[in-house]
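Biologist: Could we go through this structure feature by feature, with the general idea before each case?

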Amino acid sequence: MSVPTATVGGPHAAPRGFWRTHVFSVDHKVIGKQYLDLALVAVVTGMVLSWLMRFHLGWPETPIPGLGTVAPNAAPGGVVTPEYYLALMTMHGTIMVFFVLTTAPFAGFGNYFLPIQIGASDMAFPRMNMMSFWVTLVAFLVLISAFFVPEGPALSGWTAYAPLSAVGKDAGPGQGLGQTLWVVSILIFCVAQLLGALNFIVTTLDLRTKGMSLARMPLSTWTWFVTSVIGLIAFAVLMPACILLLLDRVAGTSFFIPAGLVISDRLQPHSGGSPLLWQHLFWFFGHPEVYIAILPGFGIVSHILPVFARKPLLGPRVFIACLIAIAFLSYTVWGHHMFLSGMNPFSATLFSVPTLVITIPATIVTLLWIGTLYGAKLRFTTPALFCLGFVSVFVSGGISGFFLAQPSIDTYLHGTYFVVGHFHFVMGVAAMFGIFAATYFWFPKMFGRMMSETLGKWHFWLTFIGVYCVFMPMHYLGLAGNVRRYSAFTDDYLKPLIPLHRFITVAALFTGAVQLIFLFNLIRSRLRGATAPANPWQGTTLEWSTSSPPPHDNFGGPPPAVHRGPQEYGVPAGGGPTDYVMQASP
Amino acid sequence: MTTIASRPPAPPPPPAPPAVPVATTTQPSGPSRAQTGVLVGIATITMSFAALTSALVVHQAASPDWQHFELPRILYLNTLVLVASSGTLDVARRRIARGTGLSWLSLTLVLGLLFVLGQVFAWQDLGAQGLFLATSPSSSFFYVFTALHGLHVLGGLAGLSYVLYRVSRMSGPAAQSAVGAAALYWHFMAALWLCLLAILALRI
């Protein structure tokens, strides 16, 4: 890591010219939008991959129209081969976790709104900020390029378990160049995230405007700050782990490959490594990564719900305390991903206890949201609906987590669709709902135009019903013993479950199609939406004290001083024309 | 681009809760920001090496066929050079405020380069014994630790060169802070190396 003195920035003049303004921009707002655009491309890619998987699971022998032409080797005649199924699964997971769930809620919205919410004119290190986006883009391109190499992408899942991920071609077609590209991509991604997290932390600590004490920071800023601390530690561990894995693959070392390993009838020329070491290093990153994906959603919901409930969040300090507790505990639970790994069974208990303990702050936060709604006259706008949806899917997915936290139950369920349903709800869909809520909420600020509420509500209800139809039945499949990661369920005991798989597939295709409403709404509102006022939702935080969209330096002059907390809603009725007081109001 | 931020209508003061701006640590100035950045960077690097060293310690303890080897002696000489460079940088940092100390800064750079060169000699020493990156997990860990630390030292040298370039053009508190941020990182490199050396000496 280079010394950041080289990239110290500060308030900078508005750029001139197309390239400096829109492409190689050091403006945090442009960079935030670039991250969101990247996440949009990534999420569409990831979703198409999941459709291919779902279709194959429902109808294993039916050709997928056009696939035979696009990928003649991987899907001869349009029927997905088992290897290609694993490649699709690996890429779906990697794209979604790294390039959507990490990129959009944290890097995207965080970049755009963290500086504005604390009253700064930009990030602490604007050039480093620009670099972190472009490095992320390179990581994405390297990952996607695996589709275009002869043997296709990696097969070892988004967790890239060793020794499968470490031994090379013998482990399968995509385990050659495809897996190397995967490791390189994630390595590059780590660099980008570390630069980004460092920037977030320094910005929050050093660039707050006058009067913006830590206690007065909006809760969304709090979660971005805590998330960046988690990310800094997590990616700092994944990066050396990826270096070791890369060395195993290209330099002949044996960090993760034990002696005497025979794969595809070939004795692997390695000795002395430990596959379990990779799992420990990966999950020490991997579990906090779950919180990197979901905590910005916590912040978005805690920021948005009070706006539409017209009352402050119940116990904002409790919320912050829970946030910090979750961040701390997230580093003590990684072993619960490894109950089946062959590690010492006693350590399973050791990891089970903090796993159950971490549900306490998560539950408290949920109760704070519900308590905030109690007695509120909620304005049912689209962002508010997505916040409610967030709470719903987070609770649904969280409850199945209680079961999985017990090693004795997890032993049965870990390899099944129960886990697939669990993490898609609690991490995937919940985080996506957070992203949707944030998009509908902040779109007017970012583009100066309102999004269509009618389309937004259709989008919400159809998506909400759709995701429950997709992921709820997976819990049942798991309890029925349906193993995951198989490309087809042709075993006798699994055959009766195929109709349910078809139902899920139809629901997944439907939910995916519903997202076209969102895309249409995005494009249409961008071009023809009603002009947005500076403060369309009657919010109190600093982003609503500036024009929509904000000027280059965010406030068109020196940033305003802050005189109160972020949630002065429902101030005594009859006192004046409004029921809220802005943070910047004297 | 819109030009002027539109302000909402000011609410009536009586119902509003007390509004007192509190003093915060928010005087943004480049160098202090750099210092915070370096501190956060140090935390990151610490975490990366904590992962690597614990991987080494756990792996070595659980591995029945671990191959120990003697560390090259030149490592201890390199350690002295690096610690000395930390000292010369501290002298430079104190003198920069008075507009002198550039030669001490240059001396630090030379010592830093000597350290990296010494580490390369240590690799050659090991190579002569037939111990390479892929020979055994113990040698792999040794090469990875020294290489990654060396890369961070090179990064520090690049930073120091930049500071030298800047300091030769300016003086006063700004120069002092720039040197301060770089010095923080450089001292950390020396401390990190001492920890790595201790772990390597005990476990390899």
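Modeller: Two residues are in contact if their C-beta atoms, placed from the backbone, lie within 7 Å. Leaving aside neighbours within four places in sequence, V237(A) is in contact with L281(A), F284(A) and F285(A), and also with M47(B), S48(B) and A51(B). This is a predicted model, in which local features need pLDDT of at least 70 and side-chain atom pairs count only at pLDDT 80 or more, while totals for chains, interfaces and linings use all residues. Residues are numbered from 1 along each chain as its sequence is written, with chains lettered from A and ligands numbered from 1 in the order in which they are written.

Biologist: Why does N73(A) count as exposed?

Modeller: A residue is buried if 20 or more other C-beta atoms lie within 10 Å of its own, exposed if 12 or fewer, and partly exposed in between. N73(A), placed in the loop between α3 (67-70) and α4 (82-101) of chain A, has 12 such neighbours and therefore counts as exposed.

Biologist: How are α9(A) and α11(A) oriented to each other?

Modeller: Two packed helices are described by the angle between their axes and the distance between the axes. Helices are DSSP runs (H or I, at least four residues), axes are lines fitted to C-alpha atoms over the stretch in contact, and angles run from 0 to 180 degrees between N-to-C directions. The axes of α9(A) and α11(A) (residues 345-373) come within 10 Å and cross at roughly 10°, so the two helices are roughly parallel (an angle under 35 degrees). Among the residues making the contact are F298(A) of α9(A) and W369(A) of α11(A).

Notes:
Parallel < 35°, antiparallel > 145°, perpendicular 65-115°, else oblique.
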